[in-house]
Number of protein chains: 2
Amino acid sequence: MLRPPSDALLGQLEAMLGPKGFTRDVEIMSPWLTDWRGRYRGASAALLSPARVDEVQAIVRLCAANDVALVPQGGNSSMVGGATPDGEGTSLLVSLRRLDRVRSVSADDKLLVAEAGATLSTVHDAAVAAGLRFPLSLGAKGSATVGGLVSTNAGGTQVLRHGTMRSLVAGLEAVMPSGDRLDGLAALKKDNRGYDVARLLIGAEGTLGIVTAAALRLVPAVGARAVAWVGLENPHAAMALLRRLEGEAAVESFELIPATALALVLTHIPGTRAPLGGEHDWHVLIEVVGSRSADELREHLAIAAADGVIADATLAANEAQAEAFWKLRDTISEAERIAGPAAKHDVSVPVAAMPRFIVDAAAATETRFAGARVIAFGHLGDGNVHFNVRGLADADAGRWLRDTGAEVTRFVHDLVMAEGGSISAEHGIGQLKLAELERTGDPVRLAAQIAIKRALDPRGIMNPGKLVPGTSIVVGL
Amino acid sequence: MLRPPSDALLGQLEAMLGPKGFTRDVEIMSPWLTDWRGRYRGASAALLSPARVDEVQAIVRLCAANDVALVPQGGNSSMVGGATPDGEGTSLLVSLRRLDRVRSVSADDKLLVAEAGATLSTVHDAAVAAGLRFPLSLGAKGSATVGGLVSTNAGGTQVLRHGTMRSLVAGLEAVMPSGDRLDGLAALKKDNRGYDVARLLIGAEGTLGIVTAAALRLVPAVGARAVAWVGLENPHAAMALLRRLEGEAAVESFELIPATALALVLTHIPGTRAPLGGEHDWHVLIEVVGSRSADELREHLAIAAADGVIADATLAANEAQAEAFWKLRDTISEAERIAGPAAKHDVSVPVAAMPRFIVDAAAATETRFAGARVIAFGHLGDGNVHFNVRGLADADAGRWLRDTGAEVTRFVHDLVMAEGGSISAEHGIGQLKLAELERTGDPVRLAAQIAIKRALDPRGIMNPGKLVPGTSIVVGL
């Protein structure tokens, strides 16, 4: 049974970590106790900010000995409240942000070792400085950290070609719930010495230990890139276009955007404008890399237009325009947030099933919930869209969501499960989706997950109440 | 505590499985009770051969209820005794060979679903029939099965470009130690619903459950391939050549072969001849795919020769010659076996460190053990070689190995660990390497592995005495 931290424990931690590494100041802690989406407001007895791996170990050892819960946190950009403590204030928030060194970059091995607190932007810059690149990116790159990206198996807009974090982590170092350090940084391409414990921590949301560093795979720098904006009739046409491009070109991104999402961005994000003149129900943002990418992409799009697969297309004429196209995609979430609350779903189905799913599930949802409007956008080539539902009348959107949101979410998730899909493609489970995971998950998989959690974290101190059903927080006094 | 199967249990199993699925006939069982390398001779109370997944489930449920150990087996081509029971005869051997259907092939999704007992050759053929290919191959492809390949995270000669089984499995179905079926076949490119239990079974050597089917990723068929045989001075030159080719060509295989290994093949394998006229200390077999692969490879090799990186090279003039080159590589193990016993090691170190490791470790081993001769060959681009050591005097090789083999192995493994490497790159642990894993393994990782094993297989019925230290077999009577 978990317990609140005693004054004696807090004193020990303060003495060990010093003023930079320990605070109970409510104003300093406050921004880190609310999640990015503003859905959760947590409390913590103290904010711990270790600057070295041995400090992380000492924290975990002390808290394990005292049955005190720890909530690890990186850039605090979780979409599912994964890094926000509950409201009781009996957990300790552990920020990894001071553990932020890039330990090494090897251009020969195409590897970069970064500590948990290094931001994605820092990793991008270090890779570029070595003449290479780290091929994962997402909107929150300035705040999202390596530890959080690993612990959530982050995706983003380049998964199509390079995979999620799970594909990009060559090795990792972590502090286990015992306080022991797991040294899995050696980047061995082949290692068959049994269960890959280090890899199990990828996507574990801090429930099996605290990731302290990762060896990340780098790829050759992009010599040139071509970015196109395409207008087309429906998601089926978008999939047909993707199939034509696959194998013909190095497609790094293929993002589907409905007219409704573009309209939200144009309304709410300053300095944005539509890339195409005409009106189209659906859009696709494509990025292709390689020295001949622009010519190739122009040629393929011309043929696709001649064949009637797409309606219109334009290539970014320069880097500034390419960035402007990407801004339209990257600010959809922000524009949605400004526009008002919505029931958001991050779902995947098998790739080939996605066009039909988008069309049918949107129709079913809008039929079932009168006045509701679906905006589904995102990573078509990964079989992953963000399927967001809002009430039509903006004034009542908040109330509609409070009254109906949970029912909408169950309805959407049931449609996803009927396709053999996932209710969390890339955002994780955190606390937001825990009940839905319990409701929809395969009981055999859930039972195994719970058994693994209990085996590796028998005291239940690591990020309780997140990801794993049946590990709810019980705090004794 | 495990127990021998009772007559009542054997009767139940026989009644359920019928004559095709149940035998106690010693002659029928015999070939499956010795491992491929002939190092282990096991015993089993019965050979169970289920033909359906529900039969596998029923077997596991019955054995779990009776605390009877199960040893799953595919093609019986383990290099480490991973599918051979101990000699007590208290385990039941479960052959998956009758569960051999290819359930589906989708060219659109580039996916093939095969049952555990389908051989690698069957998978290759089914992929080719769909106009695609499955990019993993190894010498035992005619007998090795999908279940075994998954459970050992098999590698082979195309890992360089396509990865091991872990990269090629899109989903899998398994029977857990409880008898429950884990349905993880849906091939979702993104799924962040917690610990990936299905993936944990990849490389678990049947210790966490029995894999019954896998969804495998296919890749485009090879339009054309170019196969070259290169003579060069040392492993450093080989690595320099690999670095030149990477990024320039689609290198599928890059296999390092010392003159000593080639000589063994030419001596012991009928119908083989050396591809190059002159004598070279080291050789490399390269395969590049793509429509312009032959021209490209010829050009790159010419430049490398002009720059003094390589001494000589020849491209296979046709498919027959390409096959002949590959035969030289694929029969090294067989030639070695004919030549007599050796202390064999399947090791990996970080890729960049491999040339130096091969040279230094061979010198150190030959210095330490007078008369010993190292043959190190294999997957240079994966940082993985087979590092085999034999005594010089052929007549006494068997005795030398019995007297000195274990010491040689400890010596070689210590050199590997000093480089941060792995004592099992691709062959697994099985029973052969269990003591060495316990001696050399990271205690933190081992403790976590043992905890996971106990959590998912609390009765310890799944392939006991393999892979996981501390799960040795204790059978009560």
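1. Between chain A and chain B there are 10 salt bridges, a salt bridge being a side-chain nitrogen of Lys or Arg within 4 Å of a carboxyl oxygen of Asp or Glu. One involves Glu426(B) and Lys190(A), whose closest N and O atoms are 2.8 Å apart. The model is a predicted one, in which local features need pLDDT of at least 70 and side-chain atom pairs count only at pLDDT 80 or more, while totals for chains, interfaces and linings use all residues. Residues are numbered from 1 along each chain as its sequence is written, chains are lettered from A in the order in which they are written, and side-chain values use heavy atoms, with hydrogens and water left out.

2. With contact taken as heavy atoms within 4.5 Å, 67 residues of chain A touch 67 residues of chain B. The two chains bury about 5200 Å² between them, 56% of it on carbon and sulfur atoms, where buried area is the accessible area (1.4 Å probe) that two parts lose on being put together, summed over both. In chain A, the residues that lose the most area to chain B are Lys190(A), Arg193(A) and Tyr195(A), together 21% of what that side buries.

3. On the side of chain A that touches chain B, α6 (159–162), β9 (181–184), α8 (197–200) and α17 (443–456) each supply at least two residues; helices (H or I, at least four residues) and strands (E, at least two) are DSSP runs, numbered from the N terminus. The largest share, nine residues, comes from α17(A).

4. Within chain A, helix α1 (residues 7–21) and helix α3 (residues 53–66) pack at an angle of about 175°, with their axes 11 Å apart; axes are lines fitted to C-alpha atoms, for helices over the stretch in contact, and angles run from 0 to 180 degrees between N-to-C directions. The two helices are therefore roughly antiparallel, the term for angles over 145 degrees. Residues making this contact include Leu9(A), Leu13(A) and Met16(A) of α1(A) and Ala58(A), Ile59(A) and Leu62(A) of α3(A).

5. Over all chains the count comes to 66 salt bridges. Arg133(A) forms one with Glu252(A), the closest N and O atoms being 2.7 Å apart. Arg133(A) lies in strand β7 (residues 132–133) of chain A and Glu252(A) in strand β13 (residues 250–258) of chain A, so this pair ties together parts 119 residues apart in sequence.

Terms used
Angles under 35 degrees count as roughly parallel, over 145 as roughly antiparallel, 65 to 115 as roughly perpendicular and the rest as oblique.
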